[in-house]
Amino acid sequence: MDIKIVDVAKIAKVSPTTVSRVLNNNPIVKPETRDAVLKVIEELRYVPHAAAKNLRQQKTMTIGVIVSDIKVSYNTDIVKGIQTKAYAQKYKVVICDTQNDLDIEREYLRLLMDRSVDGVILVASLLPEQEIVDLAERGLAVGLIGRRIDHDNVLNVHTDNVKAAKDAVEHLISQGHRDIVFLSGYANAKDSYDRLEGYIKALGAHSIPFRPELVENGNFNETGGYEAFKRLSGKGLAFTAVFSANDEMALGVYEYCNQNGISLPGELAIIGVDNDRVSKYLTPSLSTIDQPKYDMGLLVADKLIRCMNGEMGIPRLSVLESHLVIRQSSVMYSR
């Protein structure tokens, strides 16, 4: 039977992260916890992935970057930040586009592991948390953007998506809107969950009932945004504003409104997320949440390279600030 670290954790009644800390002699583990874990390790005859760790010691100066959809400018800007930092430190970058497909993501990971990259950065990953932890347990340095996982070998960089969404929706409410659409991204994406949570919190803070029928998935791209808004419009629902979970889907809403003679923002206000380069050039210019995308890429690559070079004490979690950018698309609402 192949004993895994999760098996040790289950019997010792601790987290896999704690078992990892024991194996790596991390001083933050309490002595009694360490003894209990070591006892289970001995009883199960658990052998850590020593071969994998030894392989990691043979540096290839290569970082794998797995991204959900390279066409989305949010991801593109992050990748540019990663490349800038990596190339400055003489690292090569292998970019893998999963097309938002979990099976493709797993296949790319297997390919990267076979090629023995020194570390991997996951951008908007669909992998279950335990699979990411398993990667870290094999001695691979992991950088994560858009999610948080508490593990010694996982470096997290993200923004507060709940707060950003709440700020966006509260801005629309301040303009007199109560019936507000939420265009979500992929249903299983962490960003979608967080921005939905912020949307619901903003409504609740102003005693506005949450209407599930005003939520539609647009898959984080322009075509998805267009089709999602078309479906909503076909239902004959009452609404006066749209919170789009990213600017790309907002572009789809603009296109639909242009084709159907809907005035922005006179008949419909809209706000997005990401502050894509094109957003300020639209007519009307798009209100949005500015995300420090390039800086997120720079930071996660910097942390990963320092970790791979054996530096200790690197902060595992970094939360960068985002802020509301108010432009023409969400103001001057005529009631």
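These are my notes on a few places I looked up in this structure.

**Confidence.** I began with the model itself, which is predicted. The protein averages a pLDDT of 90. I found that 95% of the residues score at least 70. Then I checked the elements. Strand β8 (residues 241-244) has the highest mean pLDDT, 98. Helix α4 (residues 50-56) has the lowest, 47. Where pLDDT is low, the predicted coordinates should not be read in detail. I left helix α4 alone after that.

**Asp274.** I looked up Asp274 next and found it in strand β9, which covers residues 269-274. Does Asp274 count as buried or exposed? Asp274 is buried, yet it has no salt bridge. I looked for the nearest side chain of opposite charge. That is Arg195, 4.3 Å away.

**Thr223.** I moved to helix α10 (residues 222-234), where Thr223 is found. Why does Thr223 count as exposed? Its relative accessibility is 56%, and exposed means over 50%, so Thr223 qualifies. I then compared Thr223 with Leu251. They are 28 residues apart in sequence. In space, their C-alpha atoms are 8.6 Å apart.

**Helix α7.** Last, I checked residues 129-137, which form helix α7. Which residues of this helix are buried? I noted Ile132, Val133, Leu135, Ala136 and Glu137. Just after α7 comes Gly139, with a positive phi of about 95°.

Definitions and conventions. Residues numbered from 1 in each chain as written. Predicted model: local features only at pLDDT ≥ 70, side-chain atom pairs only at ≥ 80, totals over all residues. Heavy atoms only, no water. Helix = DSSP H or I, 4+ residues; strand = E, 2+ residues; numbered from the N terminus. Buried < 20%, exposed > 50% of the residue type's maximum accessible area, 1.4 Å probe, protein only. Lys, Arg positive; Asp, Glu negative; His and termini not counted. Salt bridge = Lys/Arg side-chain N within 4 Å of Asp/Glu carboxyl O. pLDDT = per-residue confidence, 0-100.
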